[in-house]
Amino acid sequence: MPKWSLLAGLAMFSSPALAQQNNPIDGLTKGTSPSESCDQASVQAMAPANTTVAFAARESGGNCRVHGYVTNTNPGPNRVHFMLVLPNRFNGRYLYLGVGGGAGQLPVVRPTLLAKGYAQAGSDAGTGAKTISDFTFKADPARLMDFHWRGVRSSAEATQAITRAYYGRAKIGRYISGCSGGGQMGMSNAIRFGGENFDGFISAATVWPGAAFKPNLYRIMAHMQNNPDSWLPPELLLRTHQAIVARYDESDGAKDGIIHDARNIGQFDEQILRDQGFTPAQIGTFRMITTPRVWRGKGLYGDGIQAGWPINDVAGWIQYLTGTMRPPWPATTQHTTSALAAMGVPFYHVMADTNIRVMEPGRSYASITSDAELIRLATMGGTEVSTDSLDMSKLAASGAKFLIWHGTADEANSYLDNLKGYEAVRGLYPSAKDWMRIFFVPGMQHCDGGNGPTDVVDPMVDALAEWVESGKEPESVVAPRITPTKGIDRTFRLCPDPKRAMLKAPGLDFNDAANWECRAPSVSS
């Protein structure tokens, strides 16, 4: 079943001065307690004027669950539905959970963070999307605006107001965490409002504004759609993945079935592809996916280069890029998005087709050959994503912190492209060394899955909160891999770039993060 349900991480704290205080949750041990009332009328009285509380009740353990919606206008009206869970034992921290894809659904509360005392909130972004690959809502200006930024801002303001009133606190630690489209929720808020709504952000596996990700993606999908012989069948990719891992597994010092970082490899040997039965046309598609491409105009990165996908997990391309059905793939006007998924159509065909048809009904993305036209349509005529600049001045001046993480086996978008955006921002804002870090997660696919850690969000949220509240920079983060039968069967050391996790010495137990260290890369890599 396609892993199209994507959540993830973004987080930030309250005001520029907050990070300089001794502890933003100071006073919690001095008798702060939750409200005795958790019913619709009582919580409605705590909410802002544009907020409707539809449900409020106690859960097991004394937690208060709230559901409601914010009505946004001009354009509108449009409802942004939200959820909020207020723990009985509050640690002073509020976490907004981003939702990926086209949103349209509420996030799932993280039980371990709830047990630690984090209040948790989130919204459907007001899109009304039927599935996370459904982007037809973009034809509605109100829902499009809520998806871009307004839904997060209005629902965060409402749920934060309720949280402060419920606990009788003037200040709370405010964080947001999301992956993929959920990471965009926080990133767009950070760019527009700095630290107004959040004190710390975690943005995982997210495409930077200004990147040519979508037009480049549409180009790749159109190539396979128009040239079925160039398509990469699933059995070919599965076989090739095994061969690539066998060749490059130990590039990080450990033979553990994981290519931790493709940058440790150097030049990829294409003879692997020929040995697995790739045709010249299929090698052309492989190169199109993995090779960086220069787009006209400098763009965000200053060089116009859109990074390609790494070779860490080519089997993962099946879900997003290639599917299990041979092209040509049916149009989204012929079948529902759910039916297309069941047929084995790749996620990105559905995304490309719905996005382009919103802009120009009746037009197929596979008919577009002009770079300029691809950029125009992929960015909604320039209204969705800027293709030439990234202004993070408000965030830089806010005192908030910004953490990024990305799986190195991500099959949906390349961690190497995320790195280019990160490095571009570091170049534009020298102060970014004080408020932004990026971590790469070995073996993890898009937001979850793969054979790397199973939980990155929780340790990243804790690391972010500690950085904001105490000023302790995260020099590394340890993330576990948990299985139903063994519990924690491995821990991974995640390192802030440019350092990379390497096994300290041959023969050490690679399952223990203590045997790994964050090391500067060699000159050759």
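Biologist: Which residues form one aromatic cluster with W208?
Modeller: That cluster is made up of Y96, F198, F201, W208 and F402. Keep in mind that we're looking at a predicted model.

Biologist: OK. And how many aromatic pairs does the structure hold?
Modeller: There are 21 aromatic pairs in it. One of them is W149 with F193, a tilted pair with 5.6 Å centre to centre and 55° between the planes.

Biologist: Where do W149 and F193 lie?
Modeller: W149 is in helix 3 (residues 141-167), while F193 is in helix 4 (residues 181-193). The pair therefore ties together parts that are 44 residues apart in sequence.

Biologist: Is F193 buried or exposed?
Modeller: Buried: F193 has a relative accessibility of 13%, and the cut-off for buried is under 20%.

Biologist: Which charged end sits over the ring of F193?
Modeller: That's R153, with its charged end 3.7 Å from the ring centre of F193. There's also R247, whose charged end sits over the ring of Y248, 5.8 Å from the centre.

Biologist: Switching to cysteines. How many disulfides does a search of the whole structure find?
Modeller: Three. If you number the bonded cysteines in sequence order, they pair up as 1-2, 3-4, 5-6.

Biologist: Start with C38. Which residue does a disulfide join it to?
Modeller: C64, with the sulfurs 2.0 Å apart. C38 sits in the loop between strand 1 (7-8) and helix 1 (40-44), and C64 is in strand 3 (residues 64-72), so the link spans distant parts of the chain, 26 residues apart. The angle about the S-S bond is 85°, making the link of C38 and C64 right-handed.

Biologist: Are C38 and C64 buried or exposed?
Modeller: C38 counts as buried at 9% relative accessibility. C64 is buried too, with a relative accessible area of 0%.

Biologist: What about C179, which cysteine does it form a disulfide with?
Modeller: With C447, again at 2.0 Å between the sulfur atoms. C179 lies in strand 7 (residues 173-179) and C447 in the loop between strand 12 (436-441) and helix 15 (457-470), so the bond ties together parts 268 residues apart in sequence. The link of C179 and C447 is left-handed, with -90° about the S-S bond. Both C179 and C447 are buried.

Biologist: And C495, what does it form a disulfide with?
Modeller: C518, with 2.1 Å between the sulfur atoms. That link is left-handed as well, with -85° about the S-S bond. C495 is in the loop between strand 14 (487-494) and strand 15 (500-503), and C518 is in strand 16 (residues 516-519), so parts 23 residues apart in sequence are tied together.

Terms used. Residues numbered from 1 in each chain as written. Predicted model: local features only at pLDDT ≥ 70, side-chain atom pairs only at ≥ 80, totals over all residues. Heavy atoms only, no water. Disulfide = S-S within 2.5 Å. Helix = DSSP H or I, 4+ residues; strand = E, 2+ residues; numbered from the N terminus. Buried < 20%, exposed > 50% of the residue type's maximum accessible area, 1.4 Å probe, protein only. Phe/Tyr/Trp six-rings, centres within 6.5 Å; stacked < 30°, edge-to-face > 60°. Lys NZ or Arg CZ within 6 Å of the ring centre and 35° of its normal.
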